[in-house]
Amino acid sequence: MTRTAHLPLVLALVLALVALAAPASAQQALPADWKAKVQPESDDWKKARQVFTFNNGAEPETLDPQIVTGVPEHRLTGNLFETLVTQHPETLQTVPGVAERWEVSRDGLVYTFHLRKNAKWSDGQPLTATDFRDSWQRLLEPATAAQYAYMLYPVKGAEAYNKQGSEGPDGVKRPAVPYEQVGVQAVDAHTLRVTLERPCAYFLDLAAFDSLAPVPLRVIRAHGDRWVRPETLVCNGPFKLGEWRPNQRIVLVKNEHYWDRDFVKLEQVVALPLEDMDTAFKMFQQGECDWLNDVPLGKLAEIQRLPEFYVSPYLGTYFYRFNVTKKPFDDARVRRALSMCIDREAITRDLLRAGQVPATWFTPAMPGYEPPRGLGFDRERARRLLAEAGYPDGKGFPTVELLYNTLEAHKVVAENLVQQWRENLGITVSLRNSEWKVYLNDVQHLQYQIARAAWIGDYLDPNTFLDMFVTGGGNNNTGWSNARYDALIAQAARELDPKKRMAVFQEAERLLIEEEMPVLPLYIYVNKGLLKETVGGWYENVRDQHPLKYLWKEPAE
Amino acid sequence: MSAPAETPPAAPKKGTSLWQDAWRRLKKNHMAMFGLVVVVFMSALAVLAPWLAPFDATYGETWLGAQPPRFDHPDVLNRNFLAVGHPPTHIRPGYEDARTITFEVDETQETEYRVRVQRRRVTEIRRVEGAIKIDRVDATSPGDVLVEVREDGSRGGPVTGAVIETKAPLPEAFGERPASFVMIVRHAQRAKGPVLYTAHLENGVVLDLTRDGVGIDRMEVEGRSVRKVDVDGTERRHTHWLGTDLSGRDLLSRILYGGRISLLVGVIATIVSLVIGVVYGAISGYAGGKVDDLLMAIVDILFAIPYMFLVILLLVNFGRDITILFVALGAVQWLTMARIVRGQILSLKEKEFVEAARMSGTGPAGILFRHLVPNTLGVVVVYTTLTVPAVILQESFLAFIGLAVEYDGQSLDSWGALVKSGMDALGSDGERSWLLVAPSIAMALTLFSLNFLGDGLRDALDPQQRGRT
Amino acid sequence: MGRYLFRRLLQVPIVLLILVTISFFLMRAAPGGPFDMDKQVDADIKRRMEEKYHLDKHPVVQYGMFLRDLAPIHVFDREGNVSIRPGFDLGPSFKNKSLSVNEVIWLKAPVSALLGIAALLISLVLGLGAGVVAGVRQNSVFDYGSMAVAMVGLAVPTFVVGPLLALVFGLWWKLLPVAGYAADGGFFGGLMAPQYLILPAFALALPFAARIARLTRAGMLEVINQDYIRTAWAKGLREHVIVVRHALRGAMLPVVSFLGPAVAQILTGSLVVEQIFAIPGIGREFVTSAMNRDYTMVMGTVILFGVLLVAFNLIVDVVYGLLDPRIRYT
C-alpha cells in the first residue's frame, strides 16, 4: 500500500460542498433504530472472550488527537477520544457522539450542540462545553503546531487565531488575536455554540474528525508532551489506554466512565505495531491476531483463497507524476504517448492481483461523479504521438529516469512500466529507487523526471483529487500550471448546483487526463486484508474505517 | 599498541618458490580446490551472463506469473503485433527469416470472481477486478462456462448452465466440497473455438495477414491467450529451466545477472578496500614511530564506528548508485587490511634485501612499493578472498533493509535481493520454493567456495598463520 | 598493563567524539527532514515544529547544543544559572513524541541485551563445542559435518534462516510462537517467557556460532601440535583435561579477538532478527531512525553502539593479555 502519512478525513458528504448550499439537511436522515441494526443478532457473543487483536502496522508517534497525522495513530485516537458527532460504521452518516442532538440556524452559520449530561472523562470528571471550547483553543494555538488546525478554519476567527504571529503574504507579522473573537462559545455546561465564518455544508463531518475531540487540558498542563502515557492519559471515548509498550503492543481497555458503555462489547483491544507484513501474516495464521489491514504481496495467491481475506473498493489512486518543466516531458504529446502505451490491465491483473481497478482517469468514481474515461491503451496512436513529438520509433528519445520509493510493490509496477515503454515505444527508461525521505525531497523539489505517487482522498468529493493540480498547489509537484484548469477548479468551488459542479469537475479532469497529462494514472486502490470470522460488527467502507465501539467477538465454532 | 594478530610471519623464501610451494600445498587441499573450481566457474558465468542467459532477464512475461522449473509455453510476448508492411514485433531472435507465422488464439472473454462459501451456502460473490460485490453469476447462456482456477493455477473442468447466487448453495456441478471455502471462478463467454491468425512474411516484413482465413490489416493478441505458435510449420515453445518469478521473468537468467552484480560488488568493494588498506598500512608500517602510532590510532578509532551505520548514511546521502555502494562497502573494509599489511611491513623492513635496496640508492617510495609491498602479497591475497564473501553478504543485508542499489538503472537484482524476494514469495506450505532455493544455492555455494578457497590459501601460503586474523 | 589501559581509556572520549561528529553531520546532510511527509505540511506549521526542536538553527549551533546536553554533568541551566543536574541527555525523540531518546534506550536496550546474551551463549556453546571436537577429531565425519553446518551459517543470510525457523517450528510443528515478545516486556519479562526468545536467539546466533566454530577449530589444530600439548600427552593426562585445560586456552585467542566486535553487534541485537520476530529491541532503531530522520534517536543509537564497541574491544585486549602470557602491553 501507500505510505501516506495523513489522515483520511471522513467527510461523508457531499453533493454540495461550498457556501450557501444546503445546510446540514443534506445529510440523509438516519433511521431511529440504526443502533439496533449494528448489534449482534444473538447473545452468543457473551460466551466469547471480548479481546480483539489487530496489526496497526506501525508504532504510533503519539496519541494526542490534536497532533497525530498518520493512519495508525488515527486508528487508536479515534477510539480513545470521542467527538461531538461521530459516523455510522457502515454508511458513514453522522450519528450523535458527545452531543446528543444539535441545531443549525437557518442561515447555516450557527451550530448549537447539546452535550450529554452523562458525558464523562475516563477519570470520572464531567465533560462540559468548556472542555470543547478550551480544547479547540489548544488546537488553534500557534505553539501547538497542529497540522490539522485548519479543520477548524470554517469557524469564525479560527484562521486568524491560528495564524497570529506568523508572517503574512505581505511579509508583515499578523497581529495577536484574543480567543474571544473565535466563534466558539460555551453557553452553559452542556451547550456549545459554534459560529461559522461562512456556511459550511460539511461542518458536521469536520466535527466528527479526531482533531476536534476534547483533550484533558488539566492533564496536559501537568505532564506536557508526556500526558499520552497510560499512567496519565485521560480520555472520553469508548476505550482508554491500558498499556503502551513501544514497538511491542498497545492495549486499550473498555472505559467504564463512557456514557454508552453498555453498548461497547469489547473488553480489551490489542494493537500490534508489526511493520513486517510476513511476520504479521504468520501471527494471523497462528491465531495471534484477528485483523490485518494489509497483506504481503508475494503471498497473495495463497491469501486470496483464505476465507478470512477481504477486498473492497478504496478512495485512492496510484499514479505517476511527470516533471513537465524539463525535456522531454514538457511536451504533452510525449506524456500522452507514455500513458497510452501502457496496458494497465496487465499490471493489475497479472502483477498486483488483488482486484485493483486499472484506471486511465484520476478520480475514483464516487456518488454523483463519474470520471471521464481518459485515454485507453492504443499502441499505434502512442507511437504516432511520439513520432509527432520528434521521436519516431523512440529514436532520439533521451534516456529518462523513473523514481520510486523503495518498496517491493512499487518496484514491480515500475519495472513493468519500463518494460512496456521499451516494448511499445522503443524508449529506454532507467530506474532509481530512493528511500522514503529522499524520494519525498526529490519529488517536492522537482528533482525527477517521472515519479511514482499515490493520493488517498480526504473526503468523498472530486475536489480532494483535482484541486491538488492547480498552479502552485502544495501537492502539485509536477511543475504543471494551466490557467484554464485553475479557472475550472475555482468555478467548481463557486458552483452551487451539484450537477453543474460535477460537470465542471469532469471538464477539468478531462483537461487533466486527456489533453495535458501531467500525471499518468495507473489504478484505483482496493482495501485488502484478513479478518477472523469470529469478529462481528465490522463493515467495509471506502474509508477503511472500523470503529472499535461497534465490534464484538463471536465464540469460535 | 595491541597487535596480537600480527606476530611476525616466517621469512619469505624467494618469490617463485614461495608461490610454487603454495600451489603445491593448495592442490592437496580438496576443499580449497573445489572452492577454486566453483569460484572460477561462477565468475565465468557472471562475466558471460549476457551471452549465457537464455532470456532477457529484465523482460517479464507478466501473464505467466511465478511458474515452477521446467515450465514451458508458446514463444510469444506479452502483446504480439503483426501489421501488413511492418516487421513483426518480437524481440527474440528467430523470426527474421520466417516465412509463415501462425498463432492459435483463444479469444474467450473472461471475468474472474471470488466466491465465498460458508456452511454450504454462498455468502459473497465479488468480481475480482475492483472488488465489486455482486449477487449472482449467470452462466446459463449458450456457450457460457464457469471454470474454477485451482490453487496450483490449473483449471478445473468447465461447468455449463450453472448460476452461482448469494444465499443459495453452490451448484452441484462443482462437485463435493467442504462446508466453508473460497473458490476463484472464471466466467467465460466462449467464442466458437480457437482463432487462427496466419501471416506470410518476406524479408522480415508481413506481406499478408489472415484471421480464420479472412484477410486483415493488423492483429494484436495478448500472450496469455495464445495457445500455440508455429513458425514455418514448427511449433515454437520455450522452457524456463529454473521457472519464473512473480513478474514472469526467467529465473535462470536473473540468477546469472544476479551473480554478475553480487560478484561485481564483492570484487570492486574489495579492491577499494585493498588499495586504501595496503597503501595506508604500508606507509604506517614503513614510517614507524610517531607516524605509525598516529595512523594506527586512527584505525583503532575507526574500528569503533559502527560500520553498517556508516554504509547506510553514505547510501542515504549520496544516492543509491552502485559506485557509492562500492566505495561505501570498501571504505569500511580497509581497516583490517591496513593492520595486516602494517604488521607485515614492520617485520619485513628489517630484512637484508631492504638494506640492499637502500644501499643501491632506491628511494623510500621505491623500497616500499617495489620491494616491501610485493612481499606482503600472500597475506593480501588470503584476506581478499575472505573479504569478497563478506561484502556479498553485506550487500544482501542492505537489500533486506530496503537499500538495494539499482544496477545501471535496470530491473536486475543481486543474489541477495533475489534471495530476499524468494523469501517473500515462499508460501506457508512451501509453495514457490524454487524462487528461494535456486538463488540461495547460487549465493551460498559461491560464498562457501570463496571461504574454502581463502582458508586453503591461508594454509598454503603461510602455514604458521593458520587460524589467525 | 595499567599504563596501556589508561591510554586506551583516554582514547575512548576521543573516539566517541569523532563518531558523534561524523554521524551528526552526515545525518544532517541527508536529504529530507523529520517533518517531511507526503502530504505537504503547511510552511508555518513546519517552521514551528522545527523551532520546537531547534532545527531552525545552523547545524553547527545544533551540534553545540547537542554536545552540551550530552555532557555528563550539567552545571548551568538554559538561563545560565548554576544548577547541577545529571547529563547524558540525548534529547526528545522526533518519532516517539512522548518519549525521550534516553527513555527509548532504557526501554529497548535491555530487550536486545537479553536476546543478545541468549544468542551469545548459544553461539559460544555451539561454536566452541563444534570447533573443539572438529579440531581434535580432524578429518572425521564430525569434522566435516559440523564445518558444513558452519558454512551454512556463514553463507545463508539471517533473513532466510529466521523466517524458515518461524515457518517450521511455529506454523508447521506449532512448537513455538512465530513472533512476538513476552507480554510483560523488558529484560526480566523476557526471561520469564523464554519461548519467545528461542527462535530469534538461534537465528541470531547461527552466523556467530559458525565463525566461532571455524576459528576454534583452526586454533585447536594449531595448538594441538605444540610442545606443551605434547608434553601434556606425555605426562599421561586424559584427553578432556588436555583439551579443556591446555589446548582450548591457546585456541581461544583468535576467538577472543573476534568476540569483541561480535559481542557489541550481538548485544545491540540484529536489526534483521528483531524485525522478523517482532522483538521490541534497540537494533531496529539503528536503521529506522536513520530512515525517519529521527536525528536525536540516530545519535542515541550510534553512541550506544559506539560505547559498546569500544568497551568490548578494550575487554578483548585485556582478556587477550590474560590468556596469552607472551603479549606485553606497553
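What share of the 557 residues of chain A counts as buried? In this predicted model, the figure for chain A is 65% of its 557 residues, while for chain C 58% of 330 residues count as buried.

**Chain A as a whole**

- The secondary structure of chain A consists of 16 helices and 19 strands, and its radius of gyration is 25 Å, close to the 24 Å that the globule rule gives for 557 residues, so chain A is as compact as a globular protein of that length.
- Taken along the principal axes, the C-alpha trace of chain A spans about 75 × 60 × 45 Å.
- Of the contacts in chain A with a separation of 6 or more, 71% are accounted for by residues 24 or more positions apart.
- The accessible surface of chain A amounts to about 19500 Å², and 49% of that surface belongs to carbon and sulfur atoms.

**Helix α2 of chain A**

- Helix α2 of chain A covers residues 71-80, and because eight of its ten residues are buried, this helix is largely enclosed by the rest of the structure.
- The buried residues of α2(A) include A:Glu73, A:His74 and A:Arg75 as well as A:Leu76 and A:Leu80; A:Pro72, A:Thr77 and A:Asn79 are also on the list.
- Against these buried residues of α2(A) pack the strands β1 (51-55), β8 (239-245), β9 (249-254), β10 (268-272) and β11 (291-292) of chain A.

**Chain C as a whole**

- Chain C contains 13 helices and two strands, and its C-alpha atoms fill a box of roughly 80 × 55 × 35 Å along the principal axes.
- Among the contacts in chain C between residues at least 6 apart in sequence, 67% join residues that are at least 24 apart.
- The side chains of chain C include 30 positive and 22 negative ones, and the centres of the two sets lie 9 Å apart.

**Contact between chain C and chain B**

- Chain C contributes 54 residues to this contact and chain B contributes 44 residues, and the area buried between the two chains is about 4100 Å², of which carbon and sulfur atoms give 74%.
- On the chain C side, the residues that lose the most area to chain B are C:Leu26, C:Met151 and C:Phe159, which together make up 15% of what that side buries.

**Contact between chain C and chain A**

- Here 52 residues of chain C meet 50 residues of chain A, and the buried area comes to about 4200 Å², of which carbon and sulfur atoms give 49%.
- In chain C, the residues that lose the most area to chain A are C:Asp38, C:Lys39 and C:Arg48, together 17% of what that side buries.

**B:Ala44 in chain B**

- B:Ala44 lies in helix α2 of chain B, which runs over residues 30-52, and this alanine has a relative accessibility of 32%, so B:Ala44 counts as partly exposed.
- Although B:Ala44 and B:Arg260 are 216 residues apart along the chain, their C-alpha atoms are separated by 9.5 Å.

Note on methods:
Residues are numbered from 1 along each chain as its sequence is written. Chains are lettered from A and ligands numbered from 1 in the order in which they are written. This is a predicted model: local features need pLDDT of at least 70, side-chain atom pairs count only at pLDDT 80 or more; totals for chains, interfaces and linings use all residues. Side-chain values use heavy atoms; hydrogens and water are left out. Helices (H or I, at least four residues) and strands (E, at least two) are DSSP runs, numbered from the N terminus. The radius of gyration is taken over C-alpha atoms; the globule rule is 2.2 Å times the number of residues to the power 0.38. Buried means under 20% relative accessible area, exposed over 50%, partly exposed in between (1.4 Å probe, protein chains only). Contact means heavy atoms within 4.5 Å. Accessible areas come from the Shrake-Rupley method with a 1.4 Å probe; for residues, only the protein chains shown count as cover. Buried area is the accessible area (1.4 Å probe) that two parts lose on being put together, summed over both. Lys and Arg count as positive and Asp and Glu as negative; His and the chain ends are not counted. The place of a charge is taken as NZ of Lys, CZ of Arg, CG of Asp or CD of Glu.
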